[in-house]
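Please take a moment to look over the sequence and the fold together before reading on.

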Amino acid sequence: MAADGKNKTLLQLVGVVVFMGAMAWASVPFYNWFCRVTGFGGTTNVAEATTGTVLDREIKIRFDGSKARGFPWEFKPVQTEMTMKIGEDGLAFYEAYNPTDKPIAGQASYNVYPYEAGGYFNKIECFCFTEQVLMPGERVQMPVNFFVDPEIVDDPDAKHINHITLSYTFYEIDLPEDVQAALDTKNADANSVN
């Protein structure tokens, strides 16, 4: 009877560990999805193009880049800040480098600070919209095309904002199936030659 109780406790403990591991693995993508859906935490908008209205007022955009713990890429903004007019089309670049000897896929989560600016910061094109794969030793510059919606000046909570920080965090994801299949084929071909 006591052995059955120990086995049950052990199975419950293993179940808890597996559940917690799964929750930790899913936390970054889930948080990213949650922020996009709710606008929580300074999540930005996506637009097809600027509104066409450019105000005379300038705003400073700061750029920040970080990576999840253990993620082997080097990742940083090419420029740390720029000053532009509200409504003006902006283009900034981030640089990523894979110093390892294997291909690595990554996905970027993002937000802006202060959070009140999130609803007015619009991305037209961004590397964060898709997964990125860097081959061994590959270095790339990745663009983000954006603008600050002129309606920010009409929002009582956001109209006094003079600085916005755009922040990205890269985390590792599984290699896309097509990339993994190409690598498997290449390795199989190399092994058949040897």
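A disulfide is a pair of cysteine sulfur atoms within 2.5 Å. This is a predicted model, in which local features need pLDDT of at least 70 and side-chain atom pairs count only at pLDDT 80 or more, while totals for chains, interfaces and linings use all residues. Residues are numbered from 1 along each chain as its sequence is written, and side-chain values use heavy atoms, with hydrogens and water left out.

When the whole structure is searched, 1 disulfide is found, and this disulfide joins C126 to C128, with a distance of 2.5 Å from S to S. The link of C126 and C128 is right-handed, with 130° about the S-S bond. Are these two cysteines, C126 and C128, buried or exposed? Buried means under 20% relative accessible area, exposed over 50%, and partly exposed in between, using a 1.4 Å probe and protein chains only. C126 is buried because its relative accessible area is 3%, and C128 is buried with a value of 0%.

The strands come next, and here strands (E, at least two residues) are DSSP runs numbered from the N terminus, and two strands pair if DSSP finds at least two bridges between them.

Y168 in β10 is the bridge partner of G65.

Key:
Helix = DSSP H or I, 4+ residues; strand = E, 2+ residues; numbered from the N terminus.
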